[in-house]
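This report sets out selected structural features of a single protein model. Please view the sequence and the structure together while reading.

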Amino acid sequence: MTQRTLVLIKPDAVRRGLVGDVLSRYEAKGLTLVAMELRSIDAQLADTHYAEHVDQPWYPPLREFAVSGPLVALVLEGDEAISVVRALNGATDGRVAAPGTVRGDLSLSNRENLVHASDSEESAAREMALWFPNL
Ligand code: CDP
Ligand code: MG
């Protein structure tokens, strides 16, 4: 089934010059780029995007990270794109993520883990409407 998913290449990836590396993995996999924008976000957008996590004890430092510099927001399309992109990204914690994944190859952190991707059809719809309302 063809799906669309919302991806963020987070501020750590932009700072480290890894946007091209990350993007090339999605492209090489065969996913189609539908939208892409370099954005600097405020705390309000961070809170809305991470609504499910705002009460976590680790949310304040996550919010600081999310607003710490520009990020790249994009929408990818392809067969089973939601689960395919999650698999390419790897487990949340870069210290344990499998080699071969974005996080497993390039992150040593449970917070600064380079990428976000929608985790379900519902969250993809919500996040695409939030980040790309005109899509
Ligand atoms: O991004 P993913 O869906 O894999 O993980 P999540 O559990 O939905 O958490 C969202 C984001 O919060 C993670 O990608 C991390 O950047 C951050 N996080 C954190 O800062 N500290 C934690 N203990 C867990 C997650
Ligand atoms: Mg998540």
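## Basis of the model

The model is predicted; local features require pLDDT of at least 70 and side-chain atom pairs pLDDT 80 or more, whereas totals for chains, interfaces and linings use all residues. Residues are numbered from 1 along each chain as its sequence is written, chains are lettered from A and ligands numbered from 1 in the order in which they are written, and side-chain values use heavy atoms, without hydrogens and water.

## The sheet

Four strands form an open sheet in the order S2-S3-S1-S4, with antiparallel pairing. Strand S2 (32-39) and strand S4 (115-117) each have a single partner strand, so one side of each has no neighbour in the sheet. From one strand to the next, the twist averages 20°. Helices (H or I, at least four residues) and strands (E, at least two) are DSSP runs, numbered from the N terminus; two strands pair if DSSP finds at least two bridges between them.

Strand S1 (residues 2-9) runs antiparallel to S4 and is joined to S4 by three bridges. Ile9 has Val115 of S4 as its bridge partner.

## Helices on the sheet

Helix H5 (residues 81-89) packs on the sheet and touches S1, strand S3 (71-79) and S4, with its direction at about 35° to that of S1. Helix H7 (residues 121-131) also packs on the sheet; H7 touches S1, S2, S3 and S4, and its direction makes about 60° with that of S1. Axes are lines fitted to C-alpha atoms, for helices over the stretch in contact, and angles run from 0 to 180 degrees between N-to-C directions. Contact means heavy atoms within 4.5 Å.

Ser123 lies in helix H7 and counts as buried, at 12% relative accessibility. Buried means under 20% relative accessible area, exposed over 50%, and partly exposed in between (1.4 Å probe, protein chains only). A polar atom of the Ser123 side chain lies 3.0 Å from the backbone nitrogen of Ser120.

His116 lies in strand S4 and is buried, at 11% relative accessibility. Leaving aside neighbours within four places in sequence, the contacts of His116 include His49, Tyr50, Asn89 and Glu127.

Leu108 lies in the loop between helix H6 (102-106) and S4 and is exposed, with a relative accessible area of 74%. Beyond its neighbours within four places in sequence, Leu108 is in contact with Gly94 and Arg95.

How values were computed. Polar contact = N/O pair within 3.5 Å; in protein donor to acceptor, adjacent residues only side chain to side chain.
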